[in-house]
Amino acid sequence: MALPVALTIAGSDTIAGAGIQADLKTFSALGVYGTTAITALTAQNTRGVSGIHEAPAGFVKAQIDAVMSDLAVAAVKIGMTASQPIIEAIAERLSHWRAKNVVLDPVMIATSGDRLLADGAVEAIRTQLMPRATIVTPNLPEAAALLDEDVARTEDDIAEQGRRISKLGVPWVLIKGGHGEGAESVDYLVSADRLVRFAAPRVNTRNVHGTGCTLASAIAAGLAKGESLEAAVKQAKDYVSAAIANADRLQLSNDHGPVHHFHAFY
């Protein structure tokens, strides 16, 4: 039986803790064959982003076409999109190839605080990508930015923001609680008529570089393997929680080091 195939459309991370490198590690760890379309090169480390070089929108299209014209892509993960022209190119090719199981991580700001999305591109994410997605996975600040509102503070407010985001055309919204407080890190899966909580103990570590990318690609891996949406989110939450819990074992950095994608293997 052939491995299921997933495509990540995202930026490259020089320290390989986030972006396409994290996605490929996650796909591999979860038994999915990963392919890539690179939207941007970044020069970054655990302390910050020192440079971004966008790929031409036409070349992003060419990469997507090269993969989807040849392989049976069962899920697509979208991460760093960089700019409006790239967003429009991705949306057009997703429509052309009738892509399914699209997981959209609306990457706006790196863990270090550096901005990864050009001005004016948030509206393109709302109108071009979200209606083509199966699920969107914003953290609390990203959810607020998608709605042009303040960051939600209570569970009721988070659920309400999730429902309003779903009205933008995406069936499912997973609002990540990593930026929250308390003993547990709680993610909220929201649709028009459902709210499901996914909780895990909050780990005291600085090594959380790439957690958002990893969660989204883990969801895509589950969907590629034929899991239901809720099952894919649960296994992704479990995988990321374990990767964070084991991150300090890597001993790579005193700043925001990466999580341990292969914690189950070494």
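Two strands count as paired here if DSSP finds at least two bridges between them, and strands themselves are DSSP runs of E with at least two residues, while helices are runs of H or I with at least four, numbered from the N terminus. With that in hand, take Leu7: its bridge partner in β2 is Thr35.

A word on the source. This is a predicted model, in which local features need pLDDT of at least 70 and side-chain atom pairs count only at pLDDT 80 or more, while totals for chains, interfaces and linings use all residues. Residues are numbered from 1 along each chain as its sequence is written, and side-chain values use heavy atoms, with hydrogens and water left out.

Back to the strands. β1, residues 5–12, and β2, residues 33–45, run parallel and are joined by eight bridges. Eight of the eight residues of β1 are buried, so the strand is largely enclosed by the rest of the structure. Buried means under 20% relative accessible area, exposed means over 50%, and partly exposed is in between, with a 1.4 Å probe and protein chains only.

β9 runs antiparallel to β8 (residues 184–190), with seven bridges between them. Within that pair, Val186 is opposite Ala199.

Contact means heavy atoms within 4.5 Å. Angles run from 0 to 180 degrees between N-to-C directions, and axes are lines fitted to C-alpha atoms, for helices over the stretch in contact.

Leaving out residues up to four places away in sequence, Thr214 touches Ala22, Thr26, Tyr239, Val240, Val259 and His261.

Last, a helix pair. The axes of α5 (residues 140–147) and α6 (residues 155–166) come within 10 Å and cross at roughly 50°. The two helices are therefore oblique to each other; under 35 degrees would be roughly parallel, over 145 roughly antiparallel, 65 to 115 roughly perpendicular, and the rest is oblique. On the α5 side, Leu140, Ala143, Ala144, Leu146 and Leu147 meet Ile158, Gln161, Arg164 and Ile165 of α6.

The loop between α5 and α6 holds Thr154, which is partly exposed at 38% relative accessibility.
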